[in-house]
Amino acid sequence: MEFPLKKTTDFDACLDWMRLRSWTPLSFQKEAWEALLAGKSGLVNAPTGSGKTYSLMLPSIMWMAHRREVKGCKLIWITPIRALAKEIKQSAERVIEELNLPFSVGIRSGDTSDQERAAQRKQLPDILITTPESLHLLLALRNASNNFESLQWCIVDEWHDLIGTKRGVMMELALSRLRGIRPSLAIWAISATIGNLEEAAKVLLGERSFGSAVVIRAAIEKKLEIISLMPEEVEKMPWAGHLGIKMVDRVLEIVRQSKSTLIFTNTRAQCEIWYRQLLEKDMSLSGEMAMHHGSLAKEMRHWVEDAISDGRLKVVVCTSSLDLGVDFAPVETIIQIGGPKGIARFLQRAGRSGHRPDSISTIYFLPTHSLELMEAAALRQAIREKFVEDKTPMIRCFDVLVQYLTTLSVGEGFLPETIFEEVLSTHCFQTMTRDEWKSLIFFTATGGLSLGAYADYKKFIEKEGRYHIANQRLARRHRLSIGTIVGDTMVMVKYQKGGLIGHVEESFIAALNEGDKFWFAGIGLELIRVKELTAYVKKTDKMTGKIPSWQGGRLPLSSKMSHMIRTKLNEVATQTSFLDPELSKVLPIIALQEKRSHVPRMDEFLIEVFKSNDGHHAVFYPFEGRFVHEGLASLFAYRIGRLFPISFSLAYNDYGFELLSDQEIPIEEALGSALTDELQLEADVINGVNSTELAKRKFRDIAAISGLVFKGFPGQPIKDRHLQTSSSLIFKVFEDYDVQNLLYKQSYEEVLLYQLEMPRLREALKRVNSQKVILRYPEKPTPFAFPIMVDRLREKMTSETLEDRIAKMTLDFQ
């Protein structure tokens, strides 16, 4: 189908193209067209499947069509995931081909061929679709400014996924440089609903540029139906993980009734487990079912994405790798395994079905233990009340800034005063002082006070006031290291004769012996041998064996989900009839909890103290999420230990935390001695946790991002234990000789801000102090305490041994 382009305004050209396709433009699309064509910057907020891509892509192309004399790259479209790039490219090419326009569209990502990259280095396409990392690679080219001299727009897709991450900081810095090259550049973002959209737009544009920006919200009420898969009877002593698998037959019923289903899990390991369980139960799904997560080979992921779009697959078990806005219109049904821990994440996943503005999104919620049914009720009320989390932007990420400055030095070099002003315009670095800037430049150029004796840390040389990379060896190493996604060293898993299957962490492979069986990518595999960082395997018919796990497995409960769960808990404690069927289902658990102890109301803070064969327990229930509970557990243990000669082991989940000791815990005395005091909070938390060890772990990632350690050349990766040793040595050097180093200080700040969530911990403690303390001494562990106790045991036992132990504990505690 080909349409002639009329000589008309850019806005009317957009209307004509939509009408000729028999599409009716929505109000938010027309509002976005007007704003973009007026040269404004801003943010578009619209649900999945509402046409938000064309709200910005279409007017850009029409502007280009009427100004063909403008050569070079005119639009850069940023996508945080590679899977989305293909769909964006198809959307742009559809318009270009139908209007017979002479414009090129290209993708630049980690999957782009060497041949295409070489062509892009000479001449960028008219429209470039790329990732934050690849944009930084373009800034590392010697002709970077020339590449962007015709740039009109930079559009950042799925901004809600980037903000609050170091990838988002990469975008802030890249945009500051693009604005420096092209002051007239218009910057736009597309975002799903988050609680702080205005702030998100400010972070994108920088504080100084936000004044004239617009935030456009689509007035589309997306209908959402949440159906909980409830067990026939709830276990009165619930524990995480086992209940979901017990309901695999219910999941299969839904899969069989639906044309296509996405099953979302919260971790890659859970994804592997569910794929295997479904296949064991129904072998007829072989060939109709696939798996999708970030550790699978890109060829496999791309095949799965194409097969979903084409309708060739009946069911895909996946992780957040398919959370974002790739348009899989054939998907009919969504199943969420376990609590998603966040309202926005749940909405995003639900939006994968009913992928049209006027259709209903249906999502089935399957709890992994009975208490998670309250999360389903909490999610439903949050959605009714339009109660969605904020995304907190990151601040003072000096590791990303060091990487960025090195990127500029590899390319055209940089003038420190010019770049300082640009960097200062970003949200992340708006509080950076000139002294800190000079310190960072001095350290990166010379190695500073502590690393100046080593050539690899002297990265810059100065020529006529401009800083350049010191040598080509450092330049090559840096290009290979651009990015902020770090983790354990990955081992390639390959067939002995054949292709790549995917990547697992080195620590998993190190625990296997030759001949051991394991399950990965939906395939039973046997380890043949390990050579350097490649594990050679062959297929096995056995569907048993270990399943890999990956770092960062558990998602923390968001603050707004915590609030909604406390709301629902108050409801079951004070009411007898409920709007949400899930609350009626958990009444047997609530009744036993009330009988043995107490169910806390909104204005109450419950503490339980009891004795078991394991020792003396004190269990606290703030319902604030495991990250906050980790900090509170360490704080309380430290403060009690300061008063009495007593030591503890700690355990925590999203609902509460446990202090376990071999001696009686003087809880009443502790409560009378400022246990929950907000004074000296930060100092006591730091003393309570092993802050040096936590900071050292954080520093490992900071060192990799900033380029203090190098992870190796392609095919010659450096082993994980060597990287750990290198980063630990540098940390120790800073600790002994340069405690004012900004990267060293950042490691402690990240522990407080992002691991222990200090601002949220402070708010939680403030709330606890406003509540009435309910102290109970149950004779046996309660339903609320049991899952926390199980989590403590989980760290020490295999899954088989754990289940035997839990079965015995359940009988003992009934």
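Here is a friendly conversation about the predicted model shown above.

Trainee: What kind of model is this, and which pLDDT do local features need?
Mentor: Residues are numbered from 1 along each chain as its sequence is written, and side-chain values use heavy atoms, with hydrogens and water left out. The model is predicted: totals for chains, interfaces and linings use all residues, side-chain atom pairs count only at pLDDT 80 or more, and local features need pLDDT of at least 70.

Trainee: Good to know! How many helices and strands does the protein have?
Mentor: Both come from DSSP runs numbered from the N terminus, where a helix is H or I with at least four residues and a strand is E with at least two. On that basis the protein has 34 helices and 27 strands.

Trainee: Why can the protein be called as compact as a globular protein of its length?
Mentor: Start with the globule rule, which is 2.2 Å times the number of residues to the power 0.38, while the radius of gyration is taken over C-alpha atoms. For 814 residues the rule gives 28 Å, and the protein is close to that, so it is as compact as a globular protein of that length, with a radius of gyration of 28 Å.

Trainee: What does the C-alpha trace span along its principal axes, and what percentage of the residues count as buried?
Mentor: Along those axes the trace spans about 80 × 65 × 60 Å. Buried means under 20% relative accessible area, exposed means over 50%, and partly exposed lies in between (1.4 Å probe, protein chains only). Of the 814 residues, the buried share is 59%.

Trainee: Among contacts between residues at least 6 apart in sequence, what percentage join residues at least 24 apart?
Mentor: A contact here means heavy atoms within 4.5 Å. Among the contacts you describe, the share joining residues at least 24 apart is 73%.

Trainee: Which residues touch the most other members of the largest nonpolar core?
Mentor: A nonpolar core is a set of buried Ala, Val, Leu, Ile, Met, Phe, Trp, Tyr and Cys residues joined through side-chain atoms within 4.5 Å. In soluble globular proteins, nonpolar side chains tend to be buried together. The largest core here has 110 residues, and those touching the most other members are Phe148, Trp159, Leu401, Leu405, Phe429, Phe620 and Leu708.

Trainee: Is Phe623 buried or exposed?
Mentor: Phe623 sits in the loop between β22 (615–621) and α26 (626–643). Phe623 also has a positive phi, of about 55 degrees, although it is not a glycine. With a relative accessible area of 4%, Phe623 is buried.

Trainee: Which residues does Gly465 contact, leaving aside its neighbours within four places in sequence?
Mentor: Gly465 is in the loop between β14 (460–463) and β15 (466–469), and it is partly exposed at 28% relative accessible area. Its C-alpha atom is separated by 9.9 Å from that of Gly413, 52 residues apart along the chain. The contacts of Gly465 are Phe414, Leu415 and Pro416.

Trainee: How many residues of helix α6 are buried?
Mentor: Helix α6 covers residues 132–139 and is mostly covered. Its buried residues include Pro132, Glu133 and His136.

Trainee: What does Asn147 touch, not counting residues up to four places away in sequence?
Mentor: Asn147 lies in helix α7 (residues 144–147) and is buried, with a relative accessible area of 8%. Asn147 touches Cys73, Arg121, Leu124 and Leu141.

Trainee: How far apart in space are Phe387 and Leu37, C-alpha to C-alpha?
Mentor: Phe387 lies in the loop between α16 (373–384) and α17 (398–410) and is partly exposed, with a relative accessible area of 24%. Phe387 and Leu37 are 350 residues apart in sequence, and their separation in space is 33 Å.
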